[in-house]
Amino acid sequence: MKELRINDVFWTVQGEGQNAGKRALFVRMPFCNLACSWCDTSFNTFQKWTEDRFKEFAQQETARFAVVTGGEPMMNKDTPAVIKWLKDLGFVVACESNGTFPIVEGIDFVTISPKRDADYHIHESAWQKANEFKYVIDEGFQWEVLERHDLKDGRRYSLSPEYNRFEKSIAEILEFQRKNPGWQISLQTHKWMKVP
Ligand code: SF4
């Protein structure tokens, strides 16, 4: 029987972005190609999940909304199979990606979180498929990277204060937003709710 390597699977609330507040099955895929200073995920470990065990866990609750994240799910060869398992059960599937790899087929809502540097390369596929771009505003954020976006293209554009320097980051965002109201604020509400 096929087994997939998954970092973690758990039920919680999506805390941020356009789907904030929804009950969600979170599926964390292991491994990432980046090493962000604020990363709060231990993504280098995994457990093996059979299809039966995964689907049994996914049906423990009645919500049918899932968030596939990581690590970086788009670099993981097991991500297409995870999405298929979720789709078999009727889930609406959202994915969160750093945007450096092609986006896997079959995802209903794609959030791309590029990093702050001006030379950060967003894959063409991520440009095309993103429903939402979300930037974490951290120390030394290079605001000029935001100028590459066309805010009139119908997607959601948001800025998220880095939680560990929340007061500084939110002040910077509020100041920026006064002149750039096309950017929304995305808070990590799960941290206030103290849910994973
Ligand atoms: S891209 Fe995401 S998972 Fe990877 S190191 Fe950065 S914050 Fe962590």
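Lys 194 is exposed, with 6 other C-beta atoms within 10 Å, and this residue of the predicted model lies in the segment after helix H5 (189–193). Although Lys 194 is not a glycine, its phi is positive, at about 60°.

Turning to the chain as a whole, the model contains 5 helices and 10 strands. The radius of gyration of the chain is 17 Å, which agrees with the value near 16 Å that a compact globule of 196 residues would have. Along the principal axes, the C-alpha trace spans about 55 × 35 × 30 Å. Of the 196 residues, 31% count as buried. Among contacts with a separation of 6 or more, 63% are accounted for by residues 24 or more positions apart.

Strand E6 is mostly covered, since 5 of its 6 residues are buried. Further along the order, strand E8 (residues 132–137) and strand E9 (residues 156–161) are also paired in the parallel sense, over 6 bridges. In this pairing Phe 133 stands opposite Tyr 157 in E9, while the bridge partner of Tyr 135 in E9 is Leu 159. Leu 159 in turn has Ile 185 as its bridge partner in E10, and the pairing of E9 with E10 is parallel over 2 bridges.

The loop between E2 and E3 holds Gln 14, which counts as buried because it has 22 C-beta neighbours inside 10 Å, where 20 or more are required. When residues up to four places away in sequence are left out, Gln 14 touches Asn 19, Ala 20, Gly 21, Lys 22, Ala 24 and Val 67. The C-alpha atoms of Gln 14 and Ala 66 are separated by 9.0 Å, although the two residues are 52 residues apart along the chain.

Helix H2 (residues 79–88) has Thr 79, Val 82, Ile 83 and Leu 86 as its buried residues. These residues lie on the same side of H2, because they cover an arc of only 100° around the axis. An α-helix has 3.6 residues a turn, so residues three or four places apart point the same way. The cover over the buried residues of H2 includes strand E1 (3–6), strand E3 (23–28), helix H1 (51–58), strand E5 (65–69) and strand E6 (92–97). After H2 comes Gly 90, with a positive phi near 85°.

The loop between E5 and H2 contains Gly 71, and the peptide bond that leads from Gly 70 to Gly 71 is cis, with omega near 15°. Both glycines also belong to the surroundings of the ligand, which comprise Cys 32, Leu 34, Ala 35, Cys 36, Cys 39, Thr 41, Phe 43, Gly 70, Gly 71, Glu 72 and Asn 98. Sorted by class, this shell has 6 nonpolar, 4 polar and 1 charged residues.

Technical notes. Residues numbered from 1 in each chain as written. Predicted model: local features only at pLDDT ≥ 70, side-chain atom pairs only at ≥ 80, totals over all residues. Near = placed C-beta within 6 Å. Nonpolar A, V, L, I, M, F, W, Y, C, P; charged D, E, K, R; others polar. Buried ≥ 20, exposed ≤ 12 C-beta atoms within 10 Å, placed from the backbone. Helix = DSSP H or I, 4+ residues; strand = E, 2+ residues; numbered from the N terminus. Arc of directions from axis to C-beta. Contact = placed C-beta atoms within 7 Å. Rg over C-alpha atoms; globule rule 2.2 N^0.38 Å. Pairing = 2+ DSSP bridges.
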